[in-house]
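Reader: Could you walk me through the ligand site and the pockets here?

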Amino acid sequence: MITRDLRQAAPRDIYRILTSLVIPRPIAWVSTLNPDDSVNLAPFSAFMGIFNPPMVAINFGRRKGGALKDTQRNLRDRGEAVVHLPDAPLLAAMHACGEDLPEGESELARLGLTTTPGHLVAPPILAQAPVALECRFNREVLLSPESTLMLLDVLMAHARDGIWNETDDCADASRWEPMARLASVAGPNYAGLGERLTLGPPKLP
Ligand SMILES: Cc1cc2nc3c(=O)[nH]c(=O)nc-3n(C[C@H](O)[C@H](O)[C@H](O)COP(=O)(O)O)c2cc1C
């Protein structure tokens with residue numbers, strides 16, 4: 001067994017080690033509005049769903065030099081976002097949005113992506129995304145000088161027609177290919193779902 005004591009480890013080492021171990025991670029591909037009303041789009045995999053209450057959580061690091069990422073700033077200033085779950089055809093576009101663009105430059109135009117209006121929030125929905133969650137900023141928790149956890153209420157859920165199971169009234173994981181993030185430093189690399197497995201209710205032998 002390999003063991004690493006993280007208590008005294010440097011932040012860079014902790015990040016490399018933990019992001020290689022806590023996998024696969026779902027990816028929030030988040031649209032927000034910049035101060036000039038242009039659309040900002042960026043991916044985050046320190047991301048989890050909280051299902052009751054209907055919320056999601058995203059952890060934001062800082063840019064080099066300590067500035068807030070545009071998404072975090074926009075969430076604070078304008079209070080709304082759309083969280084998309086990218087699938088395989090969107091992998092390259094989503095990954096490209098991880099580049100730190102100069103302030104105010106919109107990823108959408110550079111990637112040739114198109115949007116439709118949100119129903120309840122001002123940031124638009126990516127037309128190409130299989131799943132989109134309209135969200136409102138709830139609160140943030142400062143975890144360290146470089147790290148802030150933001151909690152968002154999920155107000156409305158959208159899914160592409162083809163992935164919906166009408167009988168169960170929810171998405172069917174066999175009908176789409178959500179992308180997961182693996183190691184962030186040794187890579188970066190990603191994975192699809194692979195084989196889907198269905199079991200009965202939990203029951204000890
Ligand atoms: C797949 C992927 C996952 C990422 N996850 C995070 C994350 O959880 N937290 C974070 O602060 N940055 C994360 N990043 C980096 C941000 O996407 C990157 O800093 C981006 O430029 C931020 O854009 P913004 O300034 O427009 O918000 C991730 C990048 C990629 C490609």
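Below are a few questions about the ligand and the space around it.

Author: This is a predicted model, where local features need pLDDT of at least 70, side-chain atom pairs count only at pLDDT 80 or more, and totals for chains, interfaces and linings use all residues. Residues are numbered from 1 along each chain as its sequence is written, and side-chain values use heavy atoms, leaving out hydrogens and water.

Reader: Which element gives the most to the shell around the ligand?

Author: The shell holds 22 residues, each with a heavy atom within 4 Å of the ligand. Elements here are DSSP runs, helices (H or I) of at least four residues and strands (E) of at least two, numbered from the N terminus. Strand S5 (55-60) and helix H2 (70-78) are among those giving two or more residues. With four residues, the top contributor is S3.

Reader: How many charged residues are in the lining of the second largest pocket?

Author: Sixteen of its lining residues are nonpolar, as in "16 nonpolar", and two are polar. The number of charged ones is no charged residues at all.

Definitions and conventions:
Ala, Val, Leu, Ile, Met, Phe, Trp, Tyr, Cys and Pro count as nonpolar, Asp, Glu, Lys and Arg as charged, and the others, Gly among them, as polar.
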